[in-house]
Amino acid sequence: MTPAERALADAHRAEWAMVVAATARLTRDLDLAEECVQDAYLSALEAWERDGVPAKPGAWLTTTARRKALDALRRDRTLRTKLHLLLEPEDDEPVAADEIPDDRLRLVFTCCHPVLAQEAQVALTLRLVCGVATPDIAKALLVSEPTMAARLTRAKKRVAAAGVRYEVPSAAALPDRLDSVLTVVHLLFTTGHTAPSGAELVRADLVERSIDLARMLRALMPDEPEVAGLLALLLVTDARRATRASESGLTLLADQDRARWDRAAIDEGDELIVWALRRGSPGRFTLQAAIAALHATAPSAEETDWPQIRTLYDALLKVWPTPVVALNRAVATDRVAGPEAALAEVEPLSERLSGYRYLHAVKADLLRRLHRVDEARASYEAALALTDNETERDFLRARLGELG
């Protein structure tokens, strides 16, 4: 990559949300704001190759995007009468910093408005707040790329037609919007924790951005247990980042060097979990965090409390009865009762999770250990066909090679 290309890639990871938010404040239209920001990034490559990388790439991109937006508004003087306003009224009154901790958070709540279905909320936030490419969003949400592109277009039109304001909701309205926002931040984390495609296992920029957003939510809603649970889940899960892959490839949890895990993050997450559990009636993020903490605090893989993990999955299934949770419970069953019992739980999930690569990978591992080699090979091949991340593909190829 040239210096300009590297700088632009860095600016995409670090500045995208702020540039979109600043441009949307001017255009009062998310669709137009995104178009102008995309044009600004395209213009940047040519300008930076010619003139050199500016001292403040984010400021350059914001200025360019806003200029393009002004040009578009001048070309269509009637735009503001045709579209509902997305932003606050044009009184230009300054907003106190403690009212809105971060423009990205305002953008998240706008994208997570109740007028949208939750799938659309998640997709729109990943696209506008985080700049995640449409193909990667499609993989994360287990839909085709054309379906996701159409969903994003409909979502933006729906936001405009409903006159959704660009703001953090009032304190009274926050709880109703919370679950959607937490879902968005969690999916952003999982998209970075294991990148849907590419050579790298982890997209650190997405992981760190999701943790940053979770911390903002925690500051905004300090009395909400599920906000604490989400932040704990992200911290405890990310604490293993340095040990999940090596030069030789993917490293399974049981084989990771626990001495290299981020103990400060684990301790912080554990404190948040204890605080959330004491509030009673734990939700899905707090329960997932408790499961992750049992892995993180076990002295060794052999000393992991798998019966307790399975019990927590039972509780999670009651508040969040999804096939993916059932699949994860089956993994715990494997450790408690063996692969045959686990396979009996996995088989009924095969149809509902036919497009989920980890279903086939889990099934393949169980079949391999049951010496059902041909069936294991078919499942590994099915998982491989659904996997675009090169680190994971290498791992699956190695497992296939071991079968002979």
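Which residues in α19 are buried? The residues in question are T391, E392, R393, L396, R399 and L400, where buried means under 20% relative accessible area, exposed means over 50%, and partly exposed lies in between (1.4 Å probe, protein chains only). The model examined here is predicted, with local features needing pLDDT of at least 70 and side-chain atom pairs counting only at pLDDT 80 or more, while totals for chains, interfaces and linings use all residues. Residues are numbered from 1 along each chain as its sequence is written, and side-chain values use heavy atoms, with hydrogens and water left out.

Let us begin with the overall fold. The protein chain contains 19 helices and 4 strands; helices (H or I, at least four residues) and strands (E, at least two) are DSSP runs, numbered from the N terminus. Its radius of gyration is 23 Å, close to the 22 Å that the globule rule gives for 404 residues, so the chain is as compact as a globular protein of that length. The radius is taken over C-alpha atoms, and the rule is 2.2 Å times the number of residues to the power 0.38. Along the principal axes, the C-alpha atoms fill a box of roughly 70 × 50 × 40 Å. Of the 404 residues, 50% count as buried. Contact means heavy atoms within 4.5 Å; among contacts between residues at least 6 apart in sequence, 66% join residues at least 24 apart.

The buried residues of α19 pack against β2 (245-246), β3 (249-250), α17 (357-369), α18 (373-385) and β4 (388-389). Just after α19, G404 takes a positive phi of about 90°.

Not counting residues up to four places away in sequence, V37 touches W16, V19, V20, T23 and A65. The C-alpha atoms of V37 and T63 are separated by 9.9 Å, although the two residues are 26 apart along the chain.

Aromatic rings come next. A search of the whole structure finds 3 aromatic pairs. Rings of Phe, Tyr and Trp (its six-membered ring) pair if their centres lie within 6.5 Å; planes under 30 degrees apart count as stacked, over 60 as edge-to-face and the rest as tilted. One of the pairs is edge-to-face and joins W48 and W60, at 5.5 Å centre to centre and 70° between the planes. This pair links distant parts of the chain, with W48 in helix α2 (residues 30-51) and W60 in helix α3 (residues 57-75), 12 residues apart. W48 is buried at 3% relative accessibility, whereas W60 is partly exposed at 26%. Y356 and Y358 form another edge-to-face pair, at 5.5 Å centre to centre and 80° between the planes. Here Y356 is buried, with a relative accessible area of 17%, and Y358 is partly exposed at 28%.

Charged side chains also meet rings. A charge sits over a ring if NZ of Lys or CZ of Arg is within 6 Å of the ring centre and within 35 degrees of the ring normal. R284 lies over the face of W320, at 4.7 Å from the ring centre, and R335 lies over the face of W306, at 5.2 Å from the ring centre. W306 is also one of the contacts of H295, which include L253, R258 and W261, leaving aside neighbours within four places in sequence. H295 is found in helix α13 (residues 284-297) and is buried at 15% relative accessibility.

R352 lies in the loop between α16 (339-346) and α17 and is exposed, with a relative accessible area of 60%.
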